Amino acid sequence: MEADGKVVRQHIIPLEINSVWSWVKSFNCEWEKYFPAISSIEVQKNKTTADKDGDLNVVRTVTVEKEGVTHVFKERLDFCEQTVFTILYTLLDYHCEAQDSNSQPQKIHLTGTVFSISLKSRTNDVDNSPETVFAWTCTYNPDVLKLRNLAKTVFTIAIDSCFDEFERRFNEPIGTCKVFLRGATGLITADVFSSDPYCALRMSDMPLEEARKSRVKKWTKNPDFNEDFELPVRPKSLKLIIALWDYDSVGGDDDPMGSTEMEFSDLQDGVAKEMTLDLNTQGRVKFKICIEMENNKAIPVSPLLRKQKLDAEKAKKSGNVPDKSAQSEAESCEVIDSLAQFVQAKLLEDSQAMFSKHQCRVVANSYLYLSVYQVEIAQNMPQNGASKMDSSNKNAVATSLKALLEQK
């Protein structure tokens, strides 16, 4: 978020505050290790012992080379960790020097220019696990034109670069997901008579372009892949996503054939498990999965699943009988979610447009879309989800889909 006189970045780190603070302090004392643009850091005053409030103070000069211009900052760092975990960077002096020797160094009035890093402890709303809210703020005087320009370039770039480093640091691989992809059966017919399927695997926090791809299997709806894959497990790797695609040999776009995903709540560290999962169109995919974690770290699980597991364990220990009405509601939600996945796949197939899960769930929940694909739904969906509809509602179907397309 950026406003006149302030640049703010905020990030949620799924760790308790002391471990985050320990790394943030060392990071701020060793910037040159992380940012190649910093050519030198000269500490002019280093208060090695804490003052009466337990704070540590450092005054230093930081020299940054950026696009042929040398930026020199003099700043005071105040480490405050007794009442609040905060680092204040008060800019005391700044000037820049261009490579052109004829140019005069530029100085800017810096009064009121302060960077701050603040950490705040909180608990996750779902499962009460510890989290740290990390915020980096820069305040400056927007009435000083040169300072405002500096804030839009050097200040913002510095904050964004630091955030990239924090994201990398707190999302480093903590394990490996090993998958032996056996094959798939009963896939849809993507071409006129058959398909040329291949498989793409990725973790939920991986970009699509980084997905691991299998070899293409020609002219089959029941491919045998028999390939090994290894994917990095990071703190945000909450699911394994497997998608089947039909390869287009003439240079067009590959066609989606369906996908599925798997959470890791039932896996144990180092223990392989055979899996057969239904695709959200038709057919199944078979594979063996094993997650190996480093340094006895826990397998990543979404907060919601973690809470459900804890609640189930508590109910089992206390001997409480599950609420049947709640169980019935949960089963109803599962049916709607299944229908929503099917609707999403059909929309993608028909319109080549990807709709969000929320949009598809709205359609599934209203049952407006069911009349169009009643035969296929009856074959692929649970019986209690395939409600019949009067054909007069087909106009409502078209209206609903048009509204969703406009929302996309």
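Student: Is Phe193 buried or exposed?

Tutor: Buried means under 20% relative accessible area, exposed over 50%, and partly exposed in between (1.4 Å probe, protein chains only). Phe193 has a relative accessible area of 66%, so it is exposed. The model is predicted: local features need pLDDT of at least 70, side-chain atom pairs count only at pLDDT 80 or more, and totals for chains, interfaces and linings use all residues. Residues are numbered from 1 along each chain as its sequence is written, and side-chain values use heavy atoms, with hydrogens and water left out.

Student: Where is Phe193 found?

Tutor: Helices (H or I, at least four residues) and strands (E, at least two) are DSSP runs, numbered from the N terminus. Phe193 lies in the loop between β10 (175-185) and β11 (197-203).

Student: Why is strand β9 described as largely enclosed?

Tutor: Strand β9 (residues 130-139) is largely enclosed by the rest of the structure because eight of its 10 residues are buried.

Student: Which strands are joined to β9 by bridges?

Tutor: Two strands pair if DSSP finds at least two bridges between them. Strand β2 (residues 6-13) runs antiparallel to β9, with eight bridges joining them; Gln10 stands opposite Ala135 in β9. Strand β8 (residues 114-123) is also antiparallel to β9, through 10 bridges, and Ser121 has Thr132 of β9 as its bridge partner.

Student: In what order do the four strands of the open sheet stand?

Tutor: The order is β13-β10-β17-β16, with antiparallel pairing. The edge strands, β13 (224-233) and β16 (273-278), each pair on one side only. Between β16 and strand β17 (residues 284-293) there are six bridges, and Thr276 has Lys286 in β17 as its bridge partner.

Student: How many helices and strands are there in the protein?

Tutor: The protein has eight helices and 17 strands. Of its 408 residues, 40% count as buried.
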